Amino acid sequence: MNILLLAPPAAGKGTQADLLQKKYGVVAISTGQLLREAAKKNDMLGLKLKEVLKTGQLVEDGIVLELLQNRFSELQGSSFLLDGFPRNIRQAELLDKLLVNTNQKLDYVFFLDVPKEELEARIISRRTCEDCGKVYSVSTHSLDTCSCGGKLIIRSDDNLEAFQKRYDEYVMFTESLVPYYEERGILYRINANRPSEEVFSDIEKILESGIND
Ligand code: AMP
């Protein structure tokens with residue numbers, strides 16, 4: 001059972017990925033998280049990524065694809081959950097090729113739908129664990145440490161200016177993936193403007209119907 005989460009920034013992809021990983025044992029692969037880890041290194045790539053990520057612009061396909069391929073090669077037959085890739089039609093075609101070459105397929109694409117005003121409110125209150133990437137909201141979590149013991153920080157791109165850039169990129173490029181996967185009959189729209197447990201419950205119902213397995 002391979003899953004893809006499609007959503008605008010701050011729609012709760014990371015939280016749902018975490019819940020899906022715990023319940024179904026799928027291996028969550030977040031290209032944003034892979035890039036943030038690569039950006040922590042002080043090599044040429046790390047320094048370049050730090051700058052791009054701060055602005056909210058997309059990273060070049062070649063860099064993202066290489067990190068993704070490395071991660072895929074470690075899967076060893078486990079089901080996967082993709083979060084943050086593909087972000088445009090070109091990347092979706094690259095993913096199609098990667099899946100054909102590794103004899104795999106996508107079974108479910110969940111589109112997490114949240115209005116822009118709500119996303120802006122979430123961005124302002126979001127804190128992210130420096131170590132494991134888990135996300136919290138200051139509106140419900142008053143501590144500055146994660147359940148793993150890591151420090152909670154404000155991501156360099158979690159501000160309204162970078163959000164606007166990321167949202168524009170999303171509207172311009174990523175939204176076109178909705179019809180791309182709809183045509184294949186594997187896309188499910190989820191109202192994600194609700195508490196994360198309710199969103200997860202809708203996803204669970206679809207997965208447990210086994211409709212695409
Ligand atoms: P995310 O954690 O998914 O919000 O991604 C954070 C940032 O990582 C994005 O704003 C982009 O700069 C970069 N990024 C993540 N995934 C991709 C991708 N598939 N293609 C290009 N850039 C990406």
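Select residues 116-125 for helix 6 and 160-174 for helix 7: they pack at about 140°, with their axes 10 Å apart. Helices here are DSSP runs (H or I, at least four residues), numbered from the N terminus. Axes are lines fitted to C-alpha atoms over the stretch in contact, and angles run from 0 to 180 degrees between N-to-C directions. The crossing is right-handed, that is, the near helix is turned clockwise from the far one by less than a right angle.

A word on the model: it is predicted, so local features need pLDDT of at least 70 and side-chain atom pairs pLDDT 80 or more, while totals for chains, interfaces and linings use all residues. Residues are numbered from 1 along each chain as its sequence is written, and side-chain values use heavy atoms, leaving out hydrogens and water.

Next, look for polar contacts (N or O pairs within 3.5 Å). Backbone N or O atoms of G84 and V59 lie 2.9 Å and 3.0 Å from a ligand nitrogen atom. A polar side-chain atom of K13 is 3.4 Å from a ligand oxygen. Taken alone, the ligand exposes 480 Å² (Shrake-Rupley, 1.4 Å probe), and the protein buries 97% of that.

Note on methods: Polar contact = N/O pair within 3.5 Å; in protein donor to acceptor, adjacent residues only side chain to side chain. Helix = DSSP H or I, 4+ residues; strand = E, 2+ residues; numbered from the N terminus.
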